[in-house]
Amino acid sequence: MKTLIRLQLFALAVVALAAPAPRLAYESQVVVLVVTTQDYDPWKPWEKKTPETRIVQAVVLDGSLLATTADLVEGATVILVEKHGRPLREPARIVHIDPDANLALLTVDSPSFFRDLRPAVLAPSMPTEGQVSTVRWRSGQLEVSASRISRIEVGTTYLGALEHASLIVETDLSGGGWSEPLFADGRLIGLTYAQDGQSSTVTPVDILRAYLDAARAPGSYREFASLDVSWQVNRDKALTRSLGLEGEPRGVLVTQVPWGSSGCGALRPRDILLGLDGHAIDAAGYYEHRRYGRLKFTQIAVEGHHAGDVIPGEVWRDGKKVSVRLTLRPARAAQDLIPVRSSGAAPPYVIAGGLVFRELDGDFLRTWGKDWEKKAPPFLMTRYDLFRTTQTPRRRRVILLAYVLPSAYNLGYGNLETLPVARINGRDVDSIADVDEAFQHPDGDFHRIVFEPNPVRAEVVLEAATFEKATREILDEYQIPQRTRLPETPLPDLGDACAERR
Amino acid sequence: MRSRTVFFVLVATSVWLAAAAPRGAAPAIERSVVRIVNHAQRPNWYSPWSPGSTQWLTGSGFVVEGGMIMTNAHVVSDARFLALYLYGDPNPHEGRVVVEGHDCDLALIRPVEPNLLDGVPALPIGGLPPLRSMVETYGYPSGGDQISSTQGVVSRIDRQIYTHSAADQHLAVQTDAAINPGNSGGPVVQEGRIVGVAFQNNKQLESVGFFIPTEVIRHFLADAKDGTYDGYPDLAIRTSTLENRAARRLAGMKEGESGVRVDWIAPGGSADGSLRTGDVLLRIGGEPIANDGSVASGDLRLPFGLLVDRHQIGEPLALRILRDGARKDLSIPLKTYPGNVRWSNQYDRRPRYYVYAGLVFVPLDREMVKTFGDDWMSNADSELVYELLFRPQEDPAILKKERIVLLRRLDHPVNVNIAFFRNILVDRVNDRSIESLQDLVRAIEENQGPYHMFEFAYFGRVAVLDRAAADKANAEILRDYAVPKDRNL
């Protein structure tokens with residue numbers, strides 16, 4: 001009986017908490033986006049796949065803006081907005097998008113659209129515990145689901161590069177993860193970006209606010225930053241003592257400092273990173289956040305900072321404490337040798353003598369389906385796992401011979417696929433533009449494509465004299481409208497190479 | 001306990017096929033077919049000090065000249081006790097392995113009783129059966145007590161992977177005669193002569209089995225004549241086809257000339273020191289190599305490696321090559337390729353390992369990655385798959401070294417705080433490059449410093465042990481985890 005009474009009391013408490021939930025307010029703060037996307041076919045980058053339409057949520061913000069997650073709207077062909085659950089749809093357009101932070105802002109140009117909507121009020125920060133509401137429109141009805149904050153975890157955004165604290169929420173909502181807004185005490189605390197079973201992951205209001213401030217600020221957008229250094233926990237006394245640091249283990253051991261990362265020029269492998277921006281880092285890689293408790297230290301680069309900021313750090317190096325200054329670099333997937341995602345822009349490619357070349361990236365690897373990490377060719381996956389972040393000034397992309405459009409001209413090569421290219425006609429190829437350029441300079445009577453060592457074939461040789469004609473005929477035969485698509489902008493300069501391990 | 005393909009019951013077929021066998025031929029053959037029960041003990045590569053669990057499996061064999069029984073190596077591998085059952089004799093007889101060829105999946109065994117096979121006819125060995133001709137198989141599928149025979153057509157003759165080692169290719173014959181587990185090692189017969197030894201099937205093909213043809217059997221017997229088996233020679237090269245005219249022109253080949261390009265050469269293989277990458281192999285053993293890498297063999301075209309297979313270790317192999325525009329005739333002394341061991345399934349040997357302070361170190365090889373299961377190529381850590389399969393393509397010299405893996409940790413307060421302790425490649429220990437298990441032992445045992453520093457491959461990861469504490473804990477850890485010996489080098 002006691003248990004029953006307790007349950008009843010608990011139910012009353014929930015009702016009491018839920019009662020002030022401004023359901024009517026949500027109706028004016030949450031809208032539906034009907035998003036039509038048509039992605040390029042990674043295997044036929046000159047073509048687009050069948051269009052797909054999905055229903056996602058967005059939240060109304062001050063300044064006639066709608067906020068949603070970037071992965072749901074990037075590259076959309078059409079975005080329509082429904083409000084108040086009614087099927088009257090207005091076209092929306094993206095005002096700003098940051099795929100690495102996985103956030104986007106949209107607006108509707110119709111002057112009257114926002115008149116009967118109310119901007120959501122942003123909570124000052126994400127709550128750390130308690131009941132919250134996850135809100136979405138479904139079949140014209142507003143669905144307000146009870147959710148409970150489970151924990152705060154620092155992780156990387158979906159298909160992005162930004163590492164930040166996210167809320168992990170246990171929710172009654174089914175099938176979520178499509179940018180449903182969450183509210184606590186009527187204030188916006190975040191947007192979902194993933195859901196596994198009843199556990200959803202939420203971009204918190206802290207990141208959303210920082211994004212809004214940066215996107216609204218005059219001048220160029222100040223990107224979020226990430227540290228991007230490899231490190232390992234430092235719990236072992238023997239390890240710290242071997243490096244001359246006495247006392248209890250503290251700080252993390254820096255193991256790799258990739259080119260273009262925030263550690264470049266400041267941190268070195270075998271440094272023990274003791275503190276950053278005034279925060280002490282413990283041996284497991286956590287620091288004490290003033291509101292959220294222990295968080296992984298990589299959050300320090302995000303909170304209150306943007307790319308370009310300089311933050312102080314303290315390292316244990318060569319048996320003594322050394323102060324360093326880290327210039328924070330942008331969190332960009334594109335900085336990786338094999339980016340987890342290419343931007344929504346059309347993928348670059350070259351077709352030469354029927355050989356289809358493209359860059360190796362996560363978009364291509366994900367074509368092996370849901371279990372792509374297990375099903376994609378081990379030759380590519382091992383590279384992805386081991387060398388993904390190892391871009392260097394001389395090696396910025398992996399160029400693949402994706403496959404061959406068979407013809408009499410390229411006889412004998414028809415079954416080749418997914419081979420990384422090292423050189424074409426004696427020239428290193430580091431981008432699709434390099435591939436196109438290299439084919440302008442045959443090696444005597446031939447075009448020679450030399451692959452990175454692989455278990456299949458060392459090189460392909462084609463006749464130079466008939467190359468142009470054969471390429472045209474193959475494009476005609478396979479009805480391919482365009483021989484090449486080159487990148488719109490070259491990759492940015494990431495500065496000097498980093499200090500190596502002593 | 002590892003799973004081994006063991007054997008399905010197909011009793012009904014044997015009745016039908018026995019009736020279809022040529023009258024008068026069956027009894028003599030049947031008398032020569034032996035059921036073999038192998039009580040095996042297979043080591044566990046995850047706990048490499050453990051002798052492993054015992055299991056039993058059945059296969060077949062047949063009597064050959066010299067009072068011996070021929071069977072597959074996979075039927076008698078890892079044997080602790082072999083029981084032989086002769087036709088019509090209900091009593092088991094002990095057998096011992098005389099010689100095994102794991103690269104060709106053949107073995108010879110001998111009964112312990114000296115005169116056991118007296119009066120049992122040794123089956124004569126014939127030749128390669130023509131395509132579409134009928135053959136009969138004899139054996140004890142599924143370990144049944146009664147002999148079974150099946151009949152089928154020779155449907156393909158090709159060079160293919162022998163799954164017992166998983167790293168060797170030889171000639172094999174495909175038939176639609178039912179070859180099921182338990183048939184393994186049994187004779188395939190045509191007109192009263194052995195034309196092969198049943199050995200494997202293919203899960204992706206229905207009603208298809210494979211047998212080892214007599215040229216492989218004869219090669220094995222000739223090799224094993226001195227009582228030891230040395231194995232097949234191996235050029236240990238990778239070549240690519242030259243079907244495209246431009247590739248042939250660039251290589252300087254004349255119209256009508258054909259061959260394949262040498263893309264990669266393993267250090268220590270037969271070709272090492274004689275061939276160079278970029279050479280074109282024009283002829284092998286006097287036979288022209290086609291642009292697709294095939295050579296003529298009777299009415300068939302088969303991969304040129306077949307002509308290497310037809311030699312024994314120590315014999316010279318004649319090659320004509322095209323190098324820098326000039327044609328050269330070479331004679332290469334053939335040898336086995338010891339580096340192949342890392343890619344092969346291993347049998348009849350104890351795993352090599354070293355345990356120090358609860359850290360279990362083993363060489364990187366196929367058995368190590370198989371601790372991830374049959375689908376190890378997808379499931380094993382990328383650094384292991386890359387180093388085993390792909391890095392040697394980029395850096396053949398790496399094949400001269402042994403790569404050492406920290407397989408796992410036996411938890412103890414002395415090691416429990418290290419950050420990386422599972423399936424991770426060791427590059428350096430105490431500032432010494434580690435290129436063998438022995439190197440690792442020396443680097444640890446000869447270290448006089450206060451710490452042991454382990455540097456792992458990729459991402460700059462490290463682990464450190466306090467040397468005095470580790471030395472002290474070593475015996476205790478071996479005792480607590482019931483590791484009888486700290487090493488098998």
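Among contacts in chain B between residues at least 6 apart in sequence, what percentage join residues at least 24 apart? For chain B that share is 63%. Please keep in mind that this is a predicted model.

I'll stay with chain B for the overall picture. Its secondary structure consists of eleven helices and 28 strands. The radius of gyration is 25 Å, close to the 23 Å that the globule rule gives for 489 residues, so chain B is as compact as a globular protein of that length. Taken along the principal axes, a box of roughly 80 × 65 × 40 Å holds the C-alpha atoms of chain B. As for burial, 57% of the 489 residues count as buried.

Next, the surface and the charges. The accessible surface of chain B is about 20200 Å², and carbon and sulfur atoms account for 49% of that. On the charge side, chain B carries 53 positive and 59 negative side chains. The centres of those two sets are 3 Å apart.

A word on confidence, this time for chain A. Mean pLDDT there is 92, with 94% of the residues at 70 or more. Residues 1-21 of chain A are another matter: pLDDT stays under 50 over that stretch. For those residues the model has one contact beyond four places in sequence.

Now some individual residues, starting with B:R283. This arginine sits in strand β15 of chain B, residues 280-284. What does B:R283 touch, leaving aside residues up to four places away in sequence? The list is B:P288, B:I289, B:A318, B:L319 and B:R320. With B:R320, which is 37 residues away along the chain, the C-alpha separation is 4.9 Å.

Last topic, backbone angles. Most residues other than glycine have a negative phi. B:R132 has a positive phi, near 70°, and is not a glycine. B:R132 lies in the loop between β6, residues 106-111, and β7, residues 134-139, of chain B. Its relative accessibility is 66%, so B:R132 counts as exposed.

The other one is in chain A. A:D318, also not a glycine, has a positive phi of about 50°. Where is A:D318 placed? A:D318 is in the loop between β22, residues 310-317, and β23, residues 320-327, of chain A.

Methods
Residues are numbered from 1 along each chain as its sequence is written. Chains are lettered from A and ligands numbered from 1 in the order in which they are written. Side-chain values use heavy atoms; hydrogens and water are left out. Helices (H or I, at least four residues) and strands (E, at least two) are DSSP runs, numbered from the N terminus. The radius of gyration is taken over C-alpha atoms; the globule rule is 2.2 Å times the number of residues to the power 0.38. Buried means under 20% relative accessible area, exposed over 50%, partly exposed in between (1.4 Å probe, protein chains only). Contact means heavy atoms within 4.5 Å. Accessible areas come from the Shrake-Rupley method with a 1.4 Å probe; for residues, only the protein chains shown count as cover. Lys and Arg count as positive and Asp and Glu as negative; His and the chain ends are not counted. The place of a charge is taken as NZ of Lys, CZ of Arg, CG of Asp or CD of Glu. pLDDT is the predictor's confidence in each residue, from 0 to 100.
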